[in-house]
Amino acid sequence: ALLRIRLANLTLSWKKATLIVGQAWHPFVIPQFIPRTVGINMAAPFQPFNRNPQVTYTYKFDNGFKLLGSLNYQSSYESLGPNGKSSIYLRNALLPNLDFQVSKAFGKSTLGVAYDYKMLRPAISNVGADGKKYKNSNTVSSSSFLAYYNYTSDKLFVLAKQIYAENMSEFLMQGGYAVS
């Protein structure tokens with residue numbers, strides 16, 4: 001059985017920086033940029049949806065720029081693979097899911113871009129036709145990009161997002177790969 005944790009993290013804040021350690025929204029899920037919908041579907045499967053264990057550092061510059069770097073792992077939201085949903089594919093790769101983001105706030109608007117890199121290793125070893133165990137070093141790498149803009153005033157809310165996503169099945173989106 002797996003204890004399903006929604007949000008549980010330690011957030012350290014300084015004048016210009018923030019460090020989040022623990023279970024939090026993945027950096028591609030920016031809470032103030034989640035579409036406002038009548039239902040609770042969060043705009044799936046077009047809006048990334050994922051909470052995961054992470055270490056995220058954000059630095060805010062005086063001119064409105066903000067930089068974010070994040071190391072992410074998988075727990076409740078896992079990648080699809082040859083043995084179903086599992087975090088083992090990311091753990092086998094020995095490299096956490098990497099995220100980088102830059103945004104600029106100006107007036108009542110925010111403009112930003114983000115990059116996500118993930119490497120999966122479906123299996124460490126395979127059994128050949130001869131019954132022998134062979135080391136498998138094959139990996140699947142994917143890159144995803146996000147661009148966003150919003151304008152907020154008392155009477156108007158404008159939100160625009162564009163995502164190019166590769167293999168984001170753990171975000172409740174379309175994705176995957178084939179093993180042969």
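How many positive and negative side chains does the protein have, and how far apart do the centres of the two sets lie? There are 19 positive and 8 negative side chains, and the two centres lie 5 Å apart. In this count Lys and Arg are positive and Asp and Glu negative, with His and the chain ends not counted. Each charge is placed at NZ of Lys, CZ of Arg, CG of Asp or CD of Glu.

## Basis of the model

The model is predicted: local features need pLDDT of at least 70, side-chain atom pairs count only at pLDDT 80 or more, and totals for chains, interfaces and linings use all residues. Residues are numbered from 1 along each chain as its sequence is written, and side-chain values use heavy atoms, with hydrogens and water left out.

## Overall architecture

The protein holds twelve strands and one helix. Along the sequence the order is β-β-β-β-β-β-α-β-β-β-β-β-β. Helices (H or I, at least four residues) and strands (E, at least two) are DSSP runs numbered from the N terminus. Taken along the principal axes, the box filled by the C-alpha atoms is roughly 70 × 35 × 30 Å.

Of the 180 residues, 36% count as buried. Buried means under 20% relative accessible area, exposed means over 50%, and partly exposed is in between (1.4 Å probe, protein chains only). The protein exposes about 10,800 Å², of which carbon and sulfur atoms supply 61%; the areas come from the Shrake-Rupley method with a 1.4 Å probe, and for residues only the protein chains shown count as cover. Among contacts between residues at least 6 apart in sequence, 56% join residues at least 24 apart, a contact being heavy atoms within 4.5 Å.

## Salt bridges

A search of the whole structure finds two salt bridges, defined by a side-chain nitrogen of Lys or Arg within 4 Å of a carboxyl oxygen of Asp or Glu. In one of them, D62 meets K16 with an N to O distance of 3.1 Å. D62 is in the loop between β3 (51-60) and β4 (65-72) and K16 is in the loop between β1 (8-13) and β2 (17-25), so the bridge ties together parts that are 46 residues apart in sequence. D62 is exposed at 70% relative accessible area, while K16 is partly exposed at 29%.

E170 and K118 form a salt bridge in which the closest N and O atoms are 2.7 Å apart. This pair also links distant parts of the chain, with E170 in the segment after β12 (157-164) and K118 in strand β8 (residues 109-120), 52 residues apart. Both partners are buried: E170 has a relative accessible area of 2% and K118 one of 1%.

## Aromatic pairs

The count of aromatic pairs comes to five. Rings of Phe, Tyr and Trp (its six-membered ring) pair if their centres lie within 6.5 Å; planes under 30 degrees apart are stacked, those over 60 edge-to-face and the rest tilted. One of the pairs joins W25 and F49, whose ring centres are 5.3 Å apart and whose planes meet at 75°, so the pair is edge-to-face. W25 is in strand β2 and F49 in the loop between β2 and β3, 24 residues apart. F49 is buried, with a relative accessible area of 14%. W25, F49 and Y77 form one aromatic cluster. The C-alpha atom of F49 is also 7.8 Å from that of H26, 23 residues apart along the chain.

F145 and Y164 form a tilted pair, 6.3 Å centre to centre with 35° between the planes. F145 belongs to strand β11 (residues 140-152) and Y164 to strand β12, and 19 residues separate them. Both are partly exposed, F145 at 42% relative accessibility and Y164 at 47%.

## The helix and positive phi values

N92 lies in helix α1 (residues 88-93) and is buried, with a relative accessible area of 10%. Not counting residues up to four places away in sequence, N92 touches R121, P122, A123 and I124.

Most residues other than glycine have a negative phi. L94, which is not a glycine, has a positive phi of about 65°. L94 sits in the loop between α1 and β7 (97-106) and is exposed at 76% relative accessibility. N167 likewise has a positive phi, near 50°. N167 is in the segment after β12 and is buried, with a relative accessible area of 9%.
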